Amino acid sequence: MGALVIAEHNNVMLNIATLNAVAAASKLGSVDILVAGHECQAVADAAAQVMGVSKVLLADAGHYAHGLAENLAPLVVQLAAGYSHLLVAATSNGKNVMPRIAALLDVAQLSDIISVVSEDTFVRPIYAGNVLATVQSIDRVKAITVRTTGFDPVAATGGSAAIEKVPPGPDAGLSSFKGEELTKSSRPELAAADIIVSGGRGVGSAENFAIIEKLADTLGAAVGASRAAVDAGYVPNDYQVGQTGKVVAPQLYVAVGISGAIQHLAGMKDSKVIVAINKDEEAPIFQVADYGLVGDLFKEVPALIDALSK
Amino acid sequence: MKILVAVKRAIDYNVKARPKSDGSGVELANVKMSMNPFDEIAIEEAIRLQEAGKAQEILAVSIGSAQCQETLRTAMAMGADRGILVQTDEEVQPLAVAKLLQALVNKEQPGLVILGKQAIDDDSNQTGQMLAGLLGWAQGTFAAKLDVQSETLEVKREVDGGLQTLSLKLPAVVTADLRLNEPRYVKLPNIMKAKKKPLDIVTPSELGVDISPRLKLVKAAEPAARAGGVKVADVQELVAKLRNEAKVI
């Protein structure tokens, strides 16, 4: 029957989170990708090159431009008959649309899977990642969101899938896109970065966050933040790493002035190497840190930047 | 307009959950339970809309055991006008929750349904989207700001790259993200008052909903613990370790 992966994209570029979803799907059978968008031929072309993809389905219409769940879900439901598994990366778009698809198909959804045990059984973290649940679905179609950190991405090139146009469904007329305020940054994206430097409440203010950014730039890293730092208004919401923010697993995660609340640890504890800098030596972050440095961040971070620049 | 808000009784956010020793589930005996934090935000938003004159009545709904009455009383102490408990001791998964809420929506005809974006126990992040799908309504997930007009709702949403604004046709389903508001503290006199507010109890079968689980828990296990790390004396030692031992820079 095979798997259908819904591509994450912005009508111009294929988001690399899609490659992690394809990796999960490849464990389940043949893989097709759906590219639904507006004037998004370039995305379909990129999807066709993804390693291991059999076919790209391209649905192009104005009302698919912004991934509105009200329009996208019925399209996927219509295509679902031919598939045993529907997958999407657990991005904000993926999390938005897949449950709507599952409900319309009258099937359960498996959220945030990190491992495929068999075609109907998957592992997913629950309770902020403090418990790993192995879950079996009895539904005919498995609707799945894929935690990208659980699967190494497949190669973006090397494939040669055929592109097939599918007729767009109607505009449901329930929702419309008004605008967006995207954070502009020349730094790597959080989800894709090899190194992440995150700041917490200990940083103290939005102005002080410059010190975190400077360390990040020294390391060529992305900038993240704890919920406390976001709630305090130091940085925008899309910087948040944690149970309810972004889940990341870079090669190196540097936590600065972050105490290590359960919900923050849920978003970064699968990082390969964790460094913590905190003045409180009892802070829970030190329990997960490979290297802990107890000290005042306003002294230690500039010293670290100096040492790294040498 | 009437607003329906769904509230879940969940493990307290300060408690670290552990699997049962036989792996059959999560240890919840003698564990502190509270209202799911995102649902507090959902209730708070409904109250603010009522205070702004945009809503007349707030109905809080909870699904689960008899103890969920406490969660509903908390919602009413915050400001909800009445509560409905869909009482069952069975496990109710997100699709079944969405169907139960759909049945109540058909009965109560709210103009807006607000839920938390996810519950911090099963971390599913599904119910609001499923409910919107079943009802054929617009959905405003991960909401950071609401602007309710007469026929439409403008919702600012937290998305991966920043914020997105959508216009939704009412009635609609909204799921609350962290920055939507800061929930108020419940005052003692309001707790007393909440005890007198109406709380109805129905069962899933009275609502005609089959809540049989579709997902079977095979095993609940603790994730592999990280090996304990070391403290370094200064940044020189840190940089040396990162370069020579961890080889990540």
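Which strands of chain A does helix H2 (residues 41–49) lie across? Select this helix in the predicted model: H2(A) lies across S2, S3 (53–60) and S10 of chain A, and runs at about 170° to S3(A). Such angles run from 0 to 180 degrees between N-to-C directions, with axes fitted to C-alpha atoms, for helices over the stretch in contact; helices (H or I, at least four residues) and strands (E, at least two) are DSSP runs numbered from the N terminus.

Next, select helix H4 (residues 92–104) of chain A, which packs on the sheet and touches S1, S4 (85–89), S5 and S9 (142–146) of chain A, contact meaning heavy atoms within 4.5 Å. The direction of H4(A) makes about 160° with that of S4(A).

Now show the sheet itself, an open one of 7 strands in chain A with parallel pairing, in the order S5-S9-S4-S1-S2-S3-S10; two strands pair if DSSP finds at least two bridges between them. S5 (109–113) and S10 (162–165) of chain A are the edge strands, each pairing on one side only, and neighbouring strands are turned by 25° against each other on average, direction ignored. Within the sheet, S1 (residues 3–6) and S2 (residues 31–37) of chain A pair in the parallel sense over 4 bridges, and Val5(A) stands opposite Ile33(A) in S2(A).

Move on to strand S8 (residues 131–137) of chain A, where 5 of the 7 residues are buried, that is, under 20% relative accessible area with a 1.4 Å probe and protein chains only. S8(A) runs antiparallel to S7 (residues 121–126) of chain A, joined by 6 bridges, and Ile126(A) stands opposite Val131(A). These two strands form a hairpin with 4 residues between them, and Tyr127(A) in the turn has a positive phi of about 50°. S8(A) also pairs with S12 (residues 215–221) of chain B, in the antiparallel sense over 6 bridges, with Lys216(B) as the bridge partner of Gln136(A).

Finally, select Leu34(A), Leu86(A) and Leu101(B), the residues with the most contacts inside the largest nonpolar core, which has 56 residues. A nonpolar core is a set of buried Ala, Val, Leu, Ile, Met, Phe, Trp, Tyr and Cys residues joined through side-chain atoms within 4.5 Å. Helix H3 (residues 94–108) of chain B gives the most to this core, with 9 residues. A second, separate core of 47 residues includes Ala21(A), Cys40(A), Val43(A) and Ile11(B).

Residues are numbered from 1 along each chain as its sequence is written, and chains are lettered from A in the order in which they are written. Local features need pLDDT of at least 70 and side-chain atom pairs count only at pLDDT 80 or more, whereas totals for chains, interfaces and linings use all residues, and side-chain values use heavy atoms, leaving out hydrogens and water.

Terms used: Buried means under 20% relative accessible area, exposed over 50%, partly exposed in between (1.4 Å probe, protein chains only).
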